[in-house]
Amino acid sequence: EVAPGADGVEFIPSLNGTRTPVVDPTARGSLTGLSVAHGRGHVIRAMVEGVCMTFNESLQLMSNSASPIVDLVASGGGARAALWRQTLSDVSGLPVRATADDEHSALGAAVAAARGIGVDLEPLISRHLTSTCVPDPRRHALYVELAEARIQRIRQEN
């Protein structure tokens, strides 16, 4: 029920250091911007957004590779939550397809290996997908702004 941007509440999920996109075991997380006007929903939205924005930083690095990222496939616990899937889609600007499987990692590894040798297993993946979230252009633009402001704050702190 809380709008994107969590009314200024921000979560940096580096609770145990970072491994991606930068390795820094001393990095620590934070929850900032709280006031008495904020509630549980603000914290939840801020946490989801913080994780999605951190994930998107890694996606940005990977998007510079020879194969462009055109969509994401989510599986496991997070894939069951519409808020996670939609927020990830809005933050990344990419469609997010959910799988019915709880553990889709092995299939993903097989698909990556198959592509490496020129075999397309896309039909195998498509049978396991249950829904697709598409990015909302206005929310995506907001998240691009928020991510840039976040990066600037982190740079100033370091």
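S14 is found in the loop that joins β1 (10-12) to β2 (30-32); strands (E, at least two residues) and helices (H or I, at least four) are DSSP runs, numbered from the N terminus. The model is a predicted one, in which local features need pLDDT of at least 70 and side-chain atom pairs count only at pLDDT 80 or more, while totals for chains, interfaces and linings use all residues. Residues are numbered from 1 along each chain as its sequence is written, and side-chain values use heavy atoms, with hydrogens and water left out.

With a relative accessible area of 10%, S14 is buried (under 20% relative accessible area, with exposed over 50% and partly exposed in between; 1.4 Å probe, protein chains only). Not counting residues up to four places away in sequence, S14 touches A27, R28 and G29, where contact means heavy atoms within 4.5 Å.

H38 belongs to the loop between β2 and α1. Its relative accessibility of 18% places H38 among buried residues. A polar atom of the H38 side chain lies 2.9 Å from the backbone nitrogen of S35. Such a polar contact is a pair of N or O atoms within 3.5 Å; within protein, one must be able to donate a hydrogen and the other to accept it, and residues adjacent in sequence count only if both atoms are side-chain atoms. Leaving aside neighbours within four places in sequence, H38 is in contact with A6, D7, V9 and G33.

V48 is part of helix α1 and is buried at 4% relative accessibility. Beyond its neighbours within four places in sequence, V48 is in contact with L83, W84 and T87. V48 and T87 are 39 residues apart in sequence, and their C-alpha atoms are 7.4 Å apart in space.

D136 caps the N-terminal end of α5, with a side-chain oxygen 2.9 Å from the backbone nitrogen of R138.

## The largest pocket

The largest pocket holds about 870 Å³ of space. A pocket is an open set of points on a 1 Å grid over the protein atoms alone, where a 1.4 Å probe fits, with protein on both sides within 12 Å along at least five of seven lines; lining residues have an atom within 4 Å of a point. The lining has 29 residues, and L59, I69, D71, L72 and V73 lie nearest the pocket centre. Two or more lining residues come from each of α1 (40-62), β3 (72-74), α2 (82-92), α3 (105-116) and α4 (122-126).

Technical notes. Grid points are joined across faces, edges and corners, and a volume is the space filled by probe spheres set on the points.
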